[in-house]
Amino acid sequence: MARVHVRSWRAAYWDLLDRSMLMRMDPETRARRYTFAEGARHRTLVAEDAGVIVGFATTAASMDADVPGWGELSALYADPDHWGEGVGRLLIDAAREHLKAQGFQDAVLWVLEGNTRAERFYRRDGWLFDDLHRRERMWGFWVNTVRYRRTLDLPAGITS
């Protein structure tokens, strides 16, 4: 999973973040930071191909104070070698269903500002940009992110 995470960051953010820092990212170091304890705040779903993880999606309750009781798609990454093969579509569908099963009716997600590929993907799934921006530190990078929101009961591609 960490290998997918690092490879995705390098491919998706190559023109958005410092390339030397992206190249220093290490899957082994990243893997040690993952926690999958029972009852943890986050739930991670994985996509596999022949027993190899090719993508993952992480969901949780949103921590954003302005949307109490909402869910969050905290992460969605597919290995770049599998982009365009439907891995992301399967993961986002499963993540939405998981959030609904947890009792959430609405959800948010945060996207690195300028990641137009991801923004197009989420808009096609019915997520709407809600004009919120934040600056945060992730993996040693200061990044600007933008928020999208979605009503979970609507079919993919239908906006609320």
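Student: Which elements make a right-handed β-α-β unit here?

Tutor: A crossover counts as right-handed if, with the strands pointing away from the viewer, the path from the first strand over the helix to the second runs clockwise. In this predicted model, local features need pLDDT of at least 70 and side-chain atom pairs pLDDT 80 or more, while totals for chains, interfaces and linings use all residues. Residues are numbered from 1 along each chain as its sequence is written, and side-chain values use heavy atoms, without hydrogens and water. The unit consists of β3, helix α4 (residues 87-101) and β4. Helices (H or I, at least four residues) and strands (E, at least two) are DSSP runs, numbered from the N terminus.

Student: How many bridges join β4 to β3 and to β6?

Tutor: Two strands pair if DSSP finds at least two bridges between them. Strand β3 (residues 71-78) runs parallel to β4, with three bridges; Gly 71 has Ala 107 as its partner in β4. Strand β6 (residues 141-151) is antiparallel to β4, with seven bridges, and Val 146 in β6 lies opposite Val 111.

Student: Is β4 (residues 106-112) mostly covered or uncovered?

Tutor: Buried means under 20% relative accessible area, exposed over 50%, and partly exposed in between (1.4 Å probe, protein chains only). Seven of the seven residues in β4 are buried. Asp 106, Val 108, Trp 110 and Leu 112 point one way, and Ala 107, Leu 109 and Val 111 the other.

Student: Where is Ala 50 found?

Tutor: Most residues other than glycine have a negative phi. Ala 50, in the loop between β1 (43-49) and β2 (52-61), has a positive phi of about 55°. Ala 50 is exposed, at 78% relative accessible area.
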